[in-house]
Amino acid sequence: MDTKVANNEFTIAGKTFSSRFLIGTSRYPNQQIMMDAIEASGAEIVTVAVRRVSQDSGGEGLYDLLGDRFHLLPNTAGCFTARDAVVTAELAREALETNWIKLEVIGDDETLFPDVEQLLRAAEELVNKGFIVLPYCNDDPITCKKLEDMGCAAVMPLAAPIGSGMGIRNPYNLRIIREQCSVPIIVDAGVGTASDAAEALELGCDGILLNTAVAGARDPVKMAKAMKLGIEAGRYAFEAGRIPRRLYATASTPTDGAIEL
Amino acid sequence: MTDRISINGESKLLSSSTLIELLEENGVDSSKGGVAVALNGEVVPRADWAQTSMKCDDKVEIVHIVRGG
């Protein structure tokens, strides 16, 4: 490994990406800010959703806007059952001609925590149908391991509830997940600012997927850049290896030759 | 002709003979990407839109790509 340059590349299901940052397309003040923020993030993987065509919307043109330039990753946001998630994934595959899916099966409107039982069911069915499944899941090592064992291409544990900006509520679980899973770990949800993103990478996570922390920032474009740098800094620190924590001081300046009066 | 079908949860008179006509009637440009259709919970591949017809009480979902996280 090059000691001067951190490894910003990572591979999911055999496809290598030059950025560890996956970014969402929702809730930006306007389309231009969204485009500028995505540009500033350096992300290659951009998430989108699948919704009913409504008479008044007449199509957002998002596919035309982003389809050629980014790896669009559809999600199953808003699905509460395995059946809804599977059909949504199949519709997304048809609409985008991709078998990649960010699998979300939500258990509760208020917390937006995953419904683990339905999630595992949907993940297994989608893997069997040939999807590259990237599941949004709890920061639970057992669930992550089960998802890996059934053939998911990555696991995407939450750091905190979606859109909460609370940062990493349980870094110890992420460490355990890192030790137990060999597929890429992408922290999905809960990151609030650049230091949260850095911390996740320092813990050994492979990437970050976020949306609200950038789209909802006072200056989304600047925050996108900050997140990019945070992710890169975190990766550098992980590769460099932090020193052990000690309770007492260790002098950094040598004591030999100091004057004694 | 009083056959009705459900389109995205709304009951409508069945007036088109194929899915592709139905899409056009609902203002969807069927030549563009980013659109998908399910008939009674099963995705209909784009290549079959021109040959697929509907019958009374069918449930059609027409979706497209929108912003998401």
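Colleague: How do strand S4 (residues 45-52) of chain A and S5(B) pair, parallel or antiparallel?
Modeller: Strands are DSSP runs of E, at least two residues, numbered from the N terminus, and two of them pair if DSSP finds at least two bridges between them. Here S4 of chain A and S5(B) run antiparallel, with five bridges. Within that pairing, Arg52(A) sits opposite Val63(B). Bear in mind that this is a predicted model, where local features need pLDDT of at least 70 and side-chain atom pairs count only at pLDDT 80 or more, while totals for chains, interfaces and linings use all residues. Residues are numbered from 1 along each chain as its sequence is written, chains are lettered from A and ligands numbered from 1 in written order, and side-chain values use heavy atoms, leaving out hydrogens and water.

Colleague: How many residues does each chain bring to the contact?
Modeller: Contact means heavy atoms within 4.5 Å. Chain B gives 26 residues and chain A gives 31.

Colleague: And what area is buried between the two chains?
Modeller: That's the accessible area (1.4 Å probe) that two parts lose on being put together, summed over both. For chains B and A it comes to about 2500 Å², with 56% from carbon and sulfur atoms.

Colleague: How many salt bridges cross the interface?
Modeller: The rule wants a side-chain nitrogen of Lys or Arg within 4 Å of a carboxyl oxygen of Asp or Glu. It finds two between chain B and chain A. One of them joins Lys32(B) to Asp64(A), with the closest N and O atoms 3.2 Å apart.

Colleague: Which strand supplies the largest share of chain B's side?
Modeller: S5(B), with seven residues.

Conventions:
Helices (H or I, at least four residues) and strands (E, at least two) are DSSP runs, numbered from the N terminus.
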